[in-house]
Amino acid sequence: MTTNAFEAGFQSVGSEYETVELPVEGTVPDWLSGTLIRNGPGSFTVGETRLNHWFDGLAMLQKYEFDAGSVRYSNRFLRTESYADAADGTLTGQFATDEDGLSKVLNWVRNIGPPDPTDNANVHIARLDGKFVALTEVPNWVSFDPETLATAGKFRFADSFTCHMISAHLVHDNHRGEHIGHALEFGRTHRYHLFRIPDGTRRRELITTIPAAGKPAYVHSLGVSQRHIILVETPLRIDLKRTLSPFHEGFFDLLRWEDNRETELTIVERDTGEIVRRHAVEPFFTFHTINTYDTEDGVVIDLISFEDESIVNSLSLDALESEGFNGTIPGRAVRFYLPFSGTPTRKRLFPGGVELPTVPDERMTHPYRYAYAQATDRQGANGVVKIDTERGQSVERWEDGLYIEEPIPVIRPDATAEDDGVVLATALDVNAEQSLLFVFDAKTLTERARVTLPQHNPFGFHGRFFSRPQE
Ligand SMILES: [Fe+2]
């Protein structure tokens with residue numbers, strides 16, 4: 001694969017489309033009724049300047065509406081302060097793109113405190129209190145209209161919760177009717193807060209607060225079972241003192257891997273907030289948990305692990321444009337069994353490289369059999385894989401030049417099998433510079449439909465499927 005072909009995944013999007021009917025090759029099942037909304041970067045330039053990191057791209061929403069076998073597409077940038085700043089060439093405060101050293105020091109002296117959090121909410125989506133919200137890892141979430149994708153202003157919580165960072169990966173528990181998330185408050189002692197947002201409210205209720213030992217870990221997602229929450233603290237730590245340096249550029253430069261640390265997994269009781277047990281294991285880094293569930297005498301947490309933090313560096317635009325995803329070390333799907341007493345165990349769930357794991361909504365927080373993920377360990381393509389976590393088997397699908405993104409399983413209404421449904425996945429054909437949406441069979445990963453977009457979209461992050469009718 002040539003580098004040039006790969007660059008399509010990091011080119012800015014030029015057009016916004018509104019409710020365009022897309023050509024479908026194959027058949028989208030009639031029962032699939034609802035909307036897939038995805039979030040991710042749509043543009044990587046500020047004036048004449050290129051942003052530094054994949055995570056910095058300006059938030060753009062994509063919407064795919066499924067109705068009686070047809071698919072309609074819309075895409076729209078969030079109209080945020082970051083978007084306006086990018087238009088006039090003054091965007092700062094991003095993951096790895098920030099103001100120059102002198103202005104940083106001057107601003108620091110003037111304001112004595114960290115910069116205002118960005119509103120470039122490009123990571124994920126949630127529906128909170130009936131509102132659709134674009135999420136990022138600082139408390140500056142943005143509401144949008146699910147019909148038009150028009151930006152509807154800052155999402156305001158009905159609470160007085162203080163935090164400086166917040167989870168963009170809320171876990172929605174259909175069974176208990178709440179989202180679970182985490183936040184980080186910087187202070188003399190840095191503190192993790194675990195919270196719930198009961199369905200039908202916009203109120204974060206504190207479950208517990210856990211002080212960080214020294215520098216706080218960069219935590220991207222939690223493990224949530226029916227009775228427990230797992231906080232995973234890796235050695236990748238946030239060094240706030242580096243904000244004083246004129247040489248740091250964005251949050252990215254605050255991250256430091258501390259060699260003397262293990263990775264700590266803390267089991268918290270979800271109802272009481274009590275810490276049940278803390279386990280320390282060999283160091284690893286993780287962005288994404290897959291799923292978590294209770295057993296009689298412990299908790300199982302499945303996640304994507306990396307040997308260290310080098311994945312974060314290899315997702316900078318410089319690295320990606322010279323090496324593509326080929327320069328990244330593949331993540332591993334692993335299962336930790338965390339007993340309430342005794343020693344934790346670890347096993348590999350799948351031999352290949354994977355990221356962006358998903359599980360059907362109905363199985364989240366419960367024992368489950370099938371996980372889906374982007375398969376990442378071949379050159380010139382990303383595949384999709386279905387992992388049978390019970391039997392250690394898997395099904396994969398690859399096509400040369402095709403980069404498949406986060407696969408989202410949607411189970412058929414009234415299904416009796418866990419994999420009776422479809423998997424929706426956007427993809428970029430880098431040779432044709434053409435984005436596609438695939439509808440795969442959730443059992444076999446055979447292609448049921450291939451839907452062609454009117455444009456190419458850059459590589460995105462996360463999305464959710466919202467069934468119709470939307471309550
Ligand atoms: Fe993520």
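## A buried loop residue: Phe44

Phe44 counts as buried because 22 other C-beta atoms lie within 10 Å. The term buried requires 20 or more other C-beta atoms within 10 Å of a residue's own, exposed means 12 or fewer, and partly exposed lies in between, with C-beta atoms placed from the backbone. The place of Phe44 is the loop between strand 3 (34-43) and strand 4 (45-46). Strands here are DSSP runs of E with at least two residues, helices are runs of H or I with at least four, and both are numbered from the N terminus.

Setting aside neighbours within four places in sequence, Phe44 is in contact with Phe10, Ser12, Arg50, Leu51, Gly57 and Leu317. A contact is a pair of residues whose C-beta atoms, placed from the backbone, lie within 7 Å. Phe44 and Ala86 are 42 residues apart in sequence, and their C-alpha atoms are 9.4 Å apart.

## Basis of the model and confidence

This is a predicted model, in which local features need pLDDT of at least 70 and side-chain atom pairs count only at pLDDT 80 or more, whereas totals for chains, interfaces and linings use all residues. Residues are numbered from 1 along each chain as its sequence is written.

The average pLDDT of the protein, that is, the predictor's confidence in each residue from 0 to 100, is 90, and 90% of the residues score at least 70. Over residues 101-114, pLDDT stays under 50, and the model has 10 contacts beyond four places in sequence for this stretch. Where pLDDT is low, the predicted coordinates should not be read in detail.

## Overall architecture

The protein has 5 helices and 36 strands. Of its 471 residues, 48% count as buried. Among contacts between residues at least 6 apart in sequence, 56% join residues at least 24 apart.

The largest nonpolar core has 118 residues, and Ala134, Val423 and Leu424 have the most contacts inside it. Such a core is a set of buried Ala, Val, Leu, Ile, Met, Phe, Trp, Tyr and Cys residues joined through C-beta atoms within 7 Å. Beyond four places in sequence, the contacts of Ala134 include Asn39, Ala59, Leu61 and Trp141.

## The sheet 1-7-6-3-36

An open sheet of 5 strands has the order 1-7-6-3-36, with antiparallel pairing. Two strands pair if DSSP finds at least two bridges between them. The edge strands are strand 1 (20-21) and strand 36 (463-467), each of which pairs on one side only. Strand 1 is joined to strand 7 (residues 70-77) by 2 bridges, and the two run antiparallel. The bridge partner of Glu21 in strand 7 is Arg72.

Thr19 lies in the loop between helix 1 (3-6) and strand 1. Thr19 is exposed because it has 12 other C-beta atoms within 10 Å. Its phi is near 50 degrees, a positive value in a residue other than glycine.

## The sheet 8-9-10-11

A further open sheet, of 4 strands, has the order 8-9-10-11 and antiparallel pairing. Its edge strands, strand 8 (124-128) and strand 11 (151-154), each pair on one side only. On average, neighbouring strands of this sheet are turned by 35 degrees against each other, direction ignored; the axes are lines fitted to C-alpha atoms, for helices over the stretch in contact, and angles run from 0 to 180 degrees between N-to-C directions.

Strand 8 and strand 9 (residues 131-135) pair in the antiparallel sense over 5 bridges, and His124 stands opposite Leu135. Asp129 is placed in the loop between strand 8 and strand 9. With 16 other C-beta atoms within 10 Å, Asp129 is partly exposed. The phi of Asp129 is near 55 degrees, which is positive in a residue other than glycine.

All 6 of the 6 residues of strand 18 (residues 228-233) are buried. In a regular strand the side chains alternate between the two faces of the sheet. Here both faces are covered, with His228, Ile230 and Val232 on one side and Ile229, Leu231 and Glu233 on the other. Strand 18 runs antiparallel to strand 21 (residues 263-269), to which 6 bridges join it, and Glu233 stands opposite Glu264.

Strand 17 (residues 223-224) is also antiparallel to strand 18, through 2 bridges, and Gly223 has Ile230 as its bridge partner. A hairpin through 3 residues joins strand 17 to strand 18. Ser225 lies in the loop between these strands and is buried, with 23 other C-beta atoms within 10 Å. The C-alpha atoms of Ser225 and Tyr293, 68 residues apart along the chain, are separated by 4.4 Å.

Methods. Two residues are in contact if their C-beta atoms, placed from the backbone, lie within 7 Å.
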